Protein chains: 4
Amino acid sequence: MRHMAAPKLSVKELERLLSAESPKLFNPQSGLAIEAVWHGGCRVRRHFDPRSVRSGGTLSGPTMMALADFAMYVAVLGSIGWVPAAVTTNLNINFLKMPAPRDVIAEARLIKLGKRLAVGEIGICSDGEDELVAHATCTYSIPAER
Amino acid sequence: MRHMAAPKLSVKELERLLSAESPKLFNPQSGLAIEAVWHGGCRVRRHFDPRSVRSGGTLSGPTMMALADFAMYVAVLGSIGWVPAAVTTNLNINFLKMPAPRDVIAEARLIKLGKRLAVGEIGICSDGEDELVAHATCTYSIPAER
Amino acid sequence: MRHMAAPKLSVKELERLLSAESPKLFNPQSGLAIEAVWHGGCRVRRHFDPRSVRSGGTLSGPTMMALADFAMYVAVLGSIGWVPAAVTTNLNINFLKMPAPRDVIAEARLIKLGKRLAVGEIGICSDGEDELVAHATCTYSIPAER
Amino acid sequence: MRHMAAPKLSVKELERLLSAESPKLFNPQSGLAIEAVWHGGCRVRRHFDPRSVRSGGTLSGPTMMALADFAMYVAVLGSIGWVPAAVTTNLNINFLKMPAPRDVIAEARLIKLGKRLAVGEIGICSDGEDELVAHATCTYSIPAER
């Protein structure tokens with residue numbers, strides 16, 4: 001229910017803006033998809049890519065960190081509007097179990113949305129599972145001039 | 001001086017083992033180079049790659065996180081020997097200033113090297129500069145069976 | 001509903017054991033109370049104490065950090081039983097807004113409960129409010145010999 | 001050598017201001033002493049206090065967290081001058097080994113000193129030892145109006 005609060009930018013608008021303005025981050029090859037956005041959060045997916053498998057048959061840590069950061073970026077932009085110069089100032093991630101080699105889904109939830117700083121937590125699960133494979137907290141700095 | 005303590009694996013040995021056993025992580029296209037390894041630490045470089053530039057002309061956060069994680073992995077393996085199943089359990093990173101679009105260098109220093117856990121701190125600078133662009137702490141879990 | 005799963009130790013048992021064995025941590029003067037325990041989590045309260053007010057009329061950061069750590073300790077013991085030698089290995093806390101000078105309530109939720117490590121997240125609110133004043137993640141190491 | 005850069009406030013000035021304006025934090029019973037301050041860092045001591053011993057004969061985690069936060073506060077104030085409304089926004093601490101029941105010493109080093117944010121790392125050792133018992137990173141928010 002809380003998820004129904006309208007975001008400032010819809011999934012379609014975010015996809016269009018990110019593709020146009022941050023094509024290196026978000027493009028058809030990046031494997032990233034935005035599934036839902038609401039005021040204060042979002043759910044994003046990373047499609048399985050054999051290149052991000054590390055030895056042991058699991059997804060690499062950097063793959064998970066990049067996904068957590070992307071989820072937070074989408075949650076921030078969806079909640080404050082298009083401020084692409086927002087930047088990560090801190091990210092803390094705990095790796096909880098080895099993710100299986102398949103899609104992973106991250107859900108971000110903002111726990112503070114101030115004028116200068118946004119703080120969120122991000123849970124990451126393998127597709128179709130409930131148990132977290134990783135959990136992150138992340139702070140973004142929001143530029144004053146916008 | 002402290003840097004002179006002999007590692008368990010030399011730069012050459014680490015490069016050969018990583019190339020052979022973790023080719024997705026470490027290969028001629030990954031842009032990563034190991035510059036020095038000593039007992040308890042290492043220095044690694046990420047060659048500039050235009051693909052990791054984000055909007056604003058700076059290197060992306062995930063590029064820095066992946067580099068910090070790689071530096072820690074090399075420092076752990078150099079200090080305990082070839083235990084590739086060592087995995088990150090926690091990484092915390094502070095982004096301090098926008099890195100210029102050029103090579104970045106990470107220096108890792110282990111601050112605990114236990115039987116089950118290794119903890120390190122990693123400073124990242126742009127090539128040729130002293131000021132940190134990012135600073136991370138990282139914990140690796142070392143498997144019991146080896 | 002998830003909160004109904006039975007813990008290994010009840011509130012009464014935890015209070016009795018902590019008072020007897022960790023009297024410096026938990027005693028009538030510590031201001032700490034355990035409100036509820038379930039498998040995988042707990043809710044604890046810190047009664048307002050004028051001594052923990054810092055300049056500006058808000059509760060001090062160390063007061064919040066100690067509360068987060070205590071909540072995690074109770075959640076771990078409630079879920080694995082009486083293993084008092086469990087120790088914090090990592091705590092990361094984000095301070096989100098100034099807490100008013102009154103009771104604060106922490107709710108801990110374990111996001112991993114392994115044999116060697118437990119990881120949890122802890123949200124802290126002022127009594128009677130929904131908005132978080134602080135949010136922490138915390139890792140405990142569980143000794144092998146028990 | 002780097003330690004010789006003059007701070008904005010000396011040890012004597014900091015002690016006087018903290019005692020007068022933050023007497024709950026800094027008073028003869030708090031066990032805290034400022035040993036040295038320089039531009040960008042400081043060294044502080046926490047005198048041994050039997051009340052902060054936890055079961056197992058070691059110092060409690062909250063004791064170490066409070067010390068890390070105090071060291072960072074002193075390093076920030078020593079470097080920017082008397083801005084007591086500076087507040088912690090994030091603290092991440094790794095506990096590396098059990099501290100013996102004696103004095104502990106924290107050394108803080110600022111790794112970023114911006115207009116709005118200061119970031120530092122803090123190493124904590126038992127008195128007379130070199131090995132770290134804990135290591136923290138900490139971010140302070142500096143108010144704009146001063």
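Two residues are in contact when their C-beta atoms, placed from the backbone, lie within 7 Å. This is a predicted model, in which local features need pLDDT of at least 70, side-chain atom pairs count only at pLDDT 80 or more, and totals for chains, interfaces and linings use all residues. Residues are numbered from 1 along each chain as its sequence is written, while chains are lettered from A and ligands numbered from 1 in the order in which they are written.

**View 1. The interface surface of chains A and B.** Of the interface residues of chain A, 100% are also interface residues in chain B, so the copies meet through the same surface.

**View 2. The open sheet.** An open sheet is formed by 12 strands with antiparallel pairing, in the order β1(A)-β2(A)-β6(A)-β7(A)-β8(A)-β5(A)-β5(B)-β8(B)-β7(B)-β6(B)-β2(B)-β1(B). Strands are DSSP runs (E, at least two residues), as are helices (H or I, at least four), numbered from the N terminus; two strands pair if DSSP finds at least two bridges between them. At the edges lie β1 (32-38) of chain A and β1 (32-38) of chain B, each pairing on one side only.

**View 3. Strands β2 and β6 of chain B.** Strand β2 (residues 41-46) and strand β6 (residues 104-113) of chain B run antiparallel and are joined by 6 bridges. Val44(B) stands opposite Ala106(B) in β6(B).
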